[in-house]
Amino acid sequence: MPTRSWRRAGAALLTLAGAAALAFAAFDRAGEFALIERPWEASALTWAALLGLAGAVLTPRSGLAAGLIALAAAWAALVISRLGEVPNLVLVGAALLALAGLLALARSLRRRPRRTLLVLALAASAVALLTVAGIRIHGVYLGPTHPSSPLRPQPVDLVEWAWAGAVTPTSFAVTAQLAEPARAADPSALALVVRAASDGAIVGRFAPARISPAGVARFEAAGLEPGARYRWAVAVDGREDRYRTGTLRTFPVGPASFTIAFGACASTGSNGQVFDRIREAEPLLFIHTGDFHYADIDANDPAAIRRAYARSLRAPAQQALWLTAPVAYTWDDHDYGGNDADRTTASRDAARSVYREIVPHYPLPLDGPIAQAFTVGRVRVILTDSRSERAPSSAPDGPGKSMLGDVQLAWLFDELLRARDTAALIVWVNSVPWISSSAGGDDWGAYAEERRQIADFIVEHGIRNLVMLSGDAHMLAADSGANNRFAAGGAGPGFPVYHAGALDRRGSVKGGPYSEGARPGGGQFGLLAVDDRGDAIEVTFSGRNWRGEELIRHAVTFAVEP
């Protein structure tokens, strides 16, 4: 075969290989081939793969056109890898396409150098303009919504990230990703060192309750004093981590006043100033109402899910918050699986196992769904899992269609009844909009029969001391209960509903109407102040932006029976 034919065949094969690599990477990212689908990286890689395929088809006819197309596809793949989260296979595909493009252009450069250079210059200008436009578009729709925190990454010592949760009056838990020095140490040398914040005196050293094969350790500190402030750090052979030392206050017992921060929806690895404002508010607890990251992993891939959590946990502003405010967290679709994910998503088992491994959660009483509850003072907080048991939202509504699943729904009813009789206030943390009239959307409107069942239960059993914290919607919103009339005959339940988001995503209004209005936007969070006066509890919701400015406010008072 002539040299020219060999060169063209080699360029075509390299182009095909590069396009195939991008196609496989796109499939790996989304679990399917789609030209318009979330996550955006998958769709973009699919288009780049098709561009590379076009270059392979053109190679026998026009080396110049084929070379330009292959180089453009390679450049597109590099830009996608820079802006998003993609497998390393993308870089391999980009390298193969770039090599193929250079081979295809070689003959044209020798035969018609001026013409080829002119075409290259024009093509490079066009690609530069398209790159700038693409980055701008990405920034508008997927980029940060507000200025980044001035905090910078800290060196890694013994742990890569750590956060605390499962706080009670006498205990708390910490989960931490062990760095290499800690992973290599004998497990008996590992400990969580807890000190009194007032004088630094050590009050306990706690061995890890477990260490996962991925090197995530869970520590459980116990025997502490209620309402006391403590410092904690992971230690190896008595030496404490130098950069990731946390603080928290154990929960009070009996009537107490405190502030909880809450919010939802932050891009993977967000480092926005909104996290600084939350930290400066010094909340007793931060409740994350879902979409901790936006990796949209719709595959049974625990390693990919761990990486997505780690990107956010290592972001300087987020790590600083998690080190000063313990968390309680329920997921939503983007951190559980793909967009609008439900019980059929392929990530279900992996998401559940990684949550149990990574999150410092309270005891999970159910085998499947991530449901949990805890008490702060005289407030009972209930977190439900709106994703891993739900039927697809597109299914016809009716008695058999459930968002929570039968087991979790029964558990919720038990918790509500118990809290009605033992708590002065109930806070239900629900990750999706409750107030909605949609029939097939990603909210409770598509599960109207189950919502009516819950509303009827609340009305029938006289549960009047309830507020809801909700997620998913990228807005600050409040409803006094005026639009919460889903029980039979519109009899109630009438409890207030509060939304706080988006932490760092573009604004959107979902559900409604809301009696106190809705303020869509990014860089937003909520504060829930609880003032327990003994015979009454006043709850004040303050929706704020990344500057700390209050944008929406609502207060409600519940009488407490002796």
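1. The axes of helix H8 (residues 302-314) and helix H11 (residues 348-358) come within 9 Å and cross at roughly 45°. H8 and H11 are therefore oblique to each other, and H8 passes H11 in a right-handed crossing. Axes here are lines fitted to C-alpha atoms, for helices over the stretch in contact, with angles from 0 to 180 degrees between N-to-C directions. Angles under 35 degrees count as roughly parallel, over 145 as roughly antiparallel, 65 to 115 as roughly perpendicular and the rest as oblique. A crossing is right-handed if the near helix is turned clockwise from the far one, and left-handed if the turn is anticlockwise, by less than a right angle.

2. On the basis of the note: this is a predicted model, in which local features need pLDDT of at least 70 and side-chain atom pairs count only at pLDDT 80 or more, while totals for chains, interfaces and linings use all residues. Residues are numbered from 1 along each chain as its sequence is written, and side-chain values use heavy atoms, with hydrogens and water left out.

3. The crossing of H2 past H3 is left-handed. Helices (H or I, at least four residues) and strands (E, at least two) are DSSP runs numbered from the N terminus.

4. Helix H2 also holds glycine 55, which is buried, at a relative accessible area of 0%. Buried means under 20% relative accessible area, exposed over 50%, and partly exposed in between (1.4 Å probe, protein chains only). Between the C-alpha atoms of glycine 55 and glycine 440 the distance is 42 Å, and the two are 385 residues apart in sequence.

5. Leu13, Leu16, Leu35, Ile36, Trp47, Leu50, Leu53 and Val57 make a nonpolar surface patch of about 810 Å². Helix H1 (3-30) and helix H2 (40-58) each supply at least two of its residues, and the largest share, 4 residues, comes from H2. Leucine 16 lies in H1 and counts as partly exposed, at 39% relative accessibility. Patch residues have over 30% relative accessible area and no salt bridge; like charges are joined within 9 Å, and nonpolar side chains (Val, Leu, Ile, Met, Phe, Trp, Tyr) within 5 Å. A salt bridge is a side-chain nitrogen of Lys or Arg within 4 Å of a carboxyl oxygen of Asp or Glu. Areas come from the Shrake-Rupley method with a 1.4 Å probe, and for residues only the protein chains shown count as cover.

6. Two cis peptide bonds should be noted. One joins glycine 492 and proline 493, with omega about 10°; proline 493 is in the loop between strand S17 (475-479) and strand S18 (497-499). Another runs from glycine 512 to proline 513, with omega near 10°, and proline 513 lies in the loop between strand S19 (501-504) and strand S20 (518-520).

7. Aspartate 296 is buried, with a relative accessible area of 5%.
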